[in-house]
Amino acid sequence: MIVVLKPKTRPDAIETFVSQLEAKGFKIHLSRGEETTILGLIGDTSRLREESFLTNDAVERVMRVTSPYKLAGRAFHPDNTVIRAGNAVLGKEQGNAPLTVIAGPCSVESEEQIIAVALAVKAAGAKILRGGAWKPRTSPYSFQGLGSEGITLLLAAKKASGLPVITELLSINQIDLFADIDIIQIGARNMQNYDLLKEVGLSGKPVLLKRGLSSTVKELLMSVEYILAAGNPRVILCERGIRTFDPYTRNTLDLSVIPWLQKETHLPIVVDPSHACGMSWMVPPLTKAAVAAGADGIMVEVHNNPAAALCDGEQSLTPAAFAELMRQLAGYAKLEGRTL
Ligand code: PEP
Ligand code: MN
């Protein structure tokens, strides 16, 4: 961290400030110019708040040089994190660049529905089954999910298909029911629910954290930091579209975030084109774009009867459309030497 002092700050004020910082355990690199003095703080500055320096009359400006997301960043963890759930792998390692597809309905609706979708997406090549038990709906009058029964049915589909499963945790109170769930999803609306993040940080299970509807990438990474700092290194990032000025799609898929996050962090990134565009016909081209941009995985909504779906039918692929998309993706994967 660099602290620029105001021009003509008196030497005794500088000395007092330096002693205060040294007392806090920092080594100070002092650079005295004609007009301005600059202090370089050496040590763990992650817990310091820039604003707290500005209360000191001698301080003109404060700049951070190291990133505030120390655990998520690549500086201290240059190698990719690879996360395993059942037979599924997320993240690129030496000699292995899997392209992992997560598929399933927006919400679990019945035993027949979730098992039929599980078997269909598995046959098409999906490696992880999704299905919501608790749904975060905009309207309290919309279908809220089957709750704990949804978890039971999802676990039945896990057994029937052999696929690992992912489902959203909406509240800390539900976590005991997640014992056999393979990946915990934290939804976009809860990206900054810090108590929930700390709780999944203690769970030790892989966590897929979705980017908030209006969250910056830095905010996403600071949320990740909560999970990592609580002791859970198994975090998967998910871009699911953000809200912009233009409503022609449900959200705006931010593809640039894929290379950006891969440069900044060591964590795998999954793209959810379904919630990004909100229209099933647009899911295949966006999926291919996300793969071309380097996504480690894709999460797609698939429903056995989209027209009758209780949630997000308009953006759900039929099993047949999903199988066709997987056939096309196989060509892309081969081109890039990736395993689908
Ligand atoms: C979902 O994946 O079912 C979901 C609700 O997504 P999001 O949190 O991205 O809106
Ligand atoms: Mn959905």
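**Exercise 1. Find how far a polar side-chain atom of Arg130 lies from an oxygen atom of ligand 1.**

Step 1. In this predicted model, local features need pLDDT of at least 70, side-chain atom pairs count only at pLDDT 80 or more, totals for chains, interfaces and linings use all residues, and side-chain values use heavy atoms, with hydrogens and water left out. Residues are numbered from 1 along each chain as its sequence is written, while chains are lettered from A and ligands numbered from 1 in the order in which they are written.

Step 2. The separation for Arg130 is 2.8 Å, which meets the limit for a polar contact (a pair of N or O atoms within 3.5 Å).

Step 3. For Arg189, a side-chain N or O atom is 2.8 Å from a ligand 1 oxygen; for Arg240, the corresponding value is 2.6 Å.

Step 4. On its own, ligand 1 has 300 Å² of accessible area (Shrake-Rupley method, 1.4 Å probe), and the protein covers 97% of that area.

**Exercise 2. Sort the shell around ligand 1 into nonpolar, polar and charged residues.**

Step 1. The surrounding residues, each with a heavy atom within 4 Å, include Lys135, Pro136, Glu168, Ala188 and His275.

Step 2. Ala and Pro are among the nonpolar types, Asp, Glu, Lys and Arg are charged, and Gly is among the polar ones.

Step 3. The shell holds two nonpolar, three polar and seven charged residues.

**Exercise 3. State which residues line the largest cavity.**

Step 1. A cavity is a set of points on a 1 Å grid over the protein atoms alone where a 1.4 Å probe fits but cannot get out; lining residues have an atom within 4 Å of a point.

Step 2. One cavity reaches 30 Å³ or more, and the largest has a volume of about 40 Å³.

Step 3. Its lining consists of Arg130, Gly131, Gly132, Lys135, Ile166, Thr167, Glu168 and Gln185.

Conventions: A polar contact is a pair of N or O atoms within 3.5 Å; within protein, one must be able to donate a hydrogen and the other to accept it, and residues adjacent in sequence count only if both atoms are side-chain atoms. On a 1 Å grid over the protein atoms alone, a cavity is a set of points where a 1.4 Å probe fits but cannot get out, and a pocket is an open set with protein on both sides within 12 Å along at least five of seven lines; lining residues have an atom within 4 Å of a point. Grid points are joined across faces, edges and corners, and a volume is the space filled by probe spheres set on the points.
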